[in-house]
Amino acid sequence: VQLQAFGGGLVQPGGSLRLSCVASGRTSSNYAMGWFRQTPGKERDFVAAVSRSGGGTYSSDSVKGRFTISRDSAKNTVYLQMNSLKPDDTAVYYCAAKRGIYPSEHYYTEGYDYDYWGQGTLVTVSS
């Protein structure tokens, strides 16, 4: 499967963006998906995850209440709605997919759980 993330850009503090991750090849409904972010010189951090069924979601403490992950399996797309953005949210955001056989309600929060990665989309929060 190939993943393409887009929707990043420059936004002022307090603003909103919605990132999209489109899967091609095998449909995204076959995979649990996640969003991660990384800034220069730092490790990649988990942001949010959604189960294969879409019924299970989880967000990191740093974005909980501000970011929402969702999926539209008919469109092979996973979304990350980001509200109340802060300068600390500035990063390259990556989407990822986990292959294999596992419960449809499970989500995954570690980078090593994922097998496919998109190319990343830059989000810059600045006034």
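Colleague: What does Leu-80 touch?

Modeller: Leaving out residues up to four places away in sequence, Leu-80 touches Leu-17, Arg-18, Leu-19, Trp-35, Val-47, Ala-48, Phe-67, Thr-68, Ile-69 and Tyr-93. Contact here means heavy atoms within 4.5 Å.

Colleague: Before we go on, what are the ground rules?

Modeller: It's a predicted model, so local features need pLDDT of at least 70 and side-chain atom pairs count only at pLDDT 80 or more, while totals for chains, interfaces and linings use all residues. Numbering runs from 1 along each chain as its sequence is written, and side-chain values use heavy atoms, with hydrogens and water left out.

Colleague: OK. Which residues touch the most other members of the largest nonpolar core?

Modeller: Trp-35, Leu-80, Met-82 and Tyr-93, out of 35 residues in that core. A nonpolar core is a set of buried Ala, Val, Leu, Ile, Met, Phe, Trp, Tyr and Cys residues joined through side-chain atoms within 4.5 Å; buried means under 20% relative accessible area, exposed over 50% and partly exposed in between, with a 1.4 Å probe and protein chains only.

Colleague: And which strands each supply at least two residues of this core?

Modeller: Among them are S1 (2-6), S3 (17-24), S4 (32-38), S5 (45-50) and S8 (77-82). Strands (E, at least two residues) are DSSP runs, numbered from the N terminus.

Colleague: Is S5 enclosed or open?

Modeller: Largely enclosed by the rest of the structure, because five of its six residues are buried.

Colleague: How many bridges join S4 to S5?

Modeller: Five, and the two strands run antiparallel; strands count as paired if DSSP finds at least two bridges between them. Phe-36 has Phe-46 in S5 as its bridge partner. The two strands make a hairpin with six residues between them, and Gly-41 in the turn has a positive phi of about 80°.

Colleague: What about S5 and S6?

Modeller: Antiparallel too, over three bridges, with S6 covering residues 57-59. Val-50 is partnered by Thr-57 in S6. That hairpin has six residues between the strands, and Gly-54 takes a positive phi near 90°.

Colleague: Switching topic: how many disulfides does the structure hold?

Modeller: One. Cys-21 and Cys-95 form it, with sulfur atoms 2.1 Å apart; the cut-off for a disulfide is a pair of cysteine sulfur atoms within 2.5 Å. Cys-21 sits in S3 and Cys-95 in S9, 74 residues apart, so to speak distant parts of the chain.

Colleague: What's its handedness?

Modeller: Right-handed, with 65° about the S-S bond.

Colleague: Is Cys-21 buried or exposed?

Modeller: Buried, because its relative accessibility is 1%. Cys-95 counts as buried at 1% as well.

Definitions and conventions:
Helices (H or I, at least four residues) and strands (E, at least two) are DSSP runs, numbered from the N terminus.
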